[in-house]
Amino acid sequence: MASRGQSKPPQFLAAHDAPSPFSQQSSLATSAIRQALLVWFRSGHRDLPWRKERDPYSVWVSEIMLQQTRTETVKGYFSRFMARFPTVRALAEAPLDDVLSLWSGLGYYSRARNLHKAAQQIRDLHDGQFPSDPLAIAALPGIGPYTSGAIRSIALGQAAPILDGNVIRVLSRLFLLDMRPDSAEGKRRYWSLAEELLPAATLSATINDPGDLNQALMELGATVCLPRRPICLTCPVVRHCSAQKSGNPEDFPPAKQQRAVPMVRMVTLVVCLAGKVLLLRRPELGLWGGLWEPPTLALDGEESAHAGLVRLVQTCLGTSLSVENAIALEPFAHILTHRHLRFAPFLLKVESLPRLRLDGYSLQQWIDPTQPQALGLAAWVTALLGRLPELSSHPDA
Ligand code: SF4
């Protein structure tokens, strides 16, 4: 692990003739950047719920929640999660449905399943204590280099780098690094920069330089070095920033080429029996793994919604239930990062139901949609169930 004053090989030269942050000449600048960031962060920063404690468990939960999710959204979820599962052991002992229920609406549900699995691993292999050994941390499900670096530096005071979108933006601008972080070479350079900036581990009761430095980089990217219109006038490292001197900080890092997001059409059937609604549990692996939903499937090519509905009943439910009286409800869209979903929902009221032979689902249950659910539900299911009173009074229903 790099520490203050270590020299680095010359192949890490930054782009555009900018002085290498690793050259002897610039080691003073690197040290000045480090100090400026530490002083700035310690003089005040956002008051976030997960910053009240520095234990590995709360850092871990918050960092997992913050992946792909806005800080404002995470605040409430984090507080509810920690109130319900205050320790690793409490999380490990909880049923997965309870964990997914608290995660409902946050998206990327594999994060919750991995948290649960990792908590059980910590309970079984480490006596319920979060491990401090880097290899043991890396062996936990769902913990990659970023999360490991955050836990090790912020909670354990180890000199471990982190690299998220905010840190990448700050480093790219400070050192004029014009590479995409997702290329192999870019990844290597950004991680090297993040590591080189780190001070040595100095954890004491009050001082944690590596953790504070990493948080300072994240905080700067989140509040000052913004993707658009960075607030350079108030930036603590403006004197050292190559992109600011070049006059075009917004050009760093280079933008990712946008790919077209495919659209997928879905059909979903809300089966109502005596005021209750049928929900099925998806298998644990894959999209919305372990969550509950009305029977749903993706339409094939040009398949019509009605033909898909018939197929849904035959294949997913394994019955000959007639869908003649199913009522087409208002279609709705749900946007995921990698695909846009377009749902054609149907409502079918029945007085009895033949025995189901589920295919593609593991469990079934009937729920009262007017009551809060202690089940994992994707955001679109919660929205659909919330509309049911209105749907039930549909003139055709
Ligand atoms: Fe970002 Fe501007 Fe600070 Fe450079 S000077 S790190 S571009 S906010």
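1. Contact here means heavy atoms within 4.5 Å of each other. The model under discussion is predicted. With that cut-off, Ile168, Leu171 and Ser172 of helix H9 meet Tyr190, Leu193, Ala194 and Leu197 of helix H10. Sorted by class, this contact of H9 with H10 holds six nonpolar residues, one polar residue and no charged residues.

2. Two packed helices are described by the angle between their axes and by the distance between the axes. For H9 (residues 165-174) and H10 (residues 184-197), the axes come within 10 Å and cross at roughly 85°. Angles of 65 to 115 degrees count as roughly perpendicular, and H9 is therefore roughly perpendicular to H10.

3. The ligand takes up the space of the largest cavity. Its surroundings consist of Arg173, Val224, Cys225, Pro230, Cys232, Cys235, Val238, Cys241, Gln244 and Pro249. By class, the shell around the ligand has eight nonpolar residues, one polar residue and one charged residue.

4. Two backbone features deserve a look in the loops. Most residues other than glycine have a negative phi, and most peptide bonds are trans. Tyr108 is not a glycine, yet its phi is positive, at about 45°. Tyr108 lies in the loop between helix H5 (96-103) and helix H6 (110-125).

5. The other feature is a peptide bond. From Phe252 to Pro253 the bond is cis, with omega near -10°. Pro253 belongs to the loop that runs between helix H12 (242-246) and strand E1 (263-273).

Note on methods:
Residues are numbered from 1 along each chain as its sequence is written. This is a predicted model: local features need pLDDT of at least 70, side-chain atom pairs count only at pLDDT 80 or more; totals for chains, interfaces and linings use all residues. Side-chain values use heavy atoms; hydrogens and water are left out. A residue is near a molecule or strand if one of its heavy atoms lies within 4 Å of it. On a 1 Å grid over the protein atoms alone, a cavity is a set of points where a 1.4 Å probe fits but cannot get out, and a pocket is an open set with protein on both sides within 12 Å along at least five of seven lines; lining residues have an atom within 4 Å of a point. A molecule sits in a cavity or pocket if more than half of its atoms lie within 2 Å of its grid points. Ala, Val, Leu, Ile, Met, Phe, Trp, Tyr, Cys and Pro count as nonpolar, Asp, Glu, Lys and Arg as charged, and the others, Gly among them, as polar. Axes are lines fitted to C-alpha atoms, for helices over the stretch in contact, and angles run from 0 to 180 degrees between N-to-C directions. Helices (H or I, at least four residues) and strands (E, at least two) are DSSP runs, numbered from the N terminus. Angles under 35 degrees count as roughly parallel, over 145 as roughly antiparallel, 65 to 115 as roughly perpendicular and the rest as oblique.
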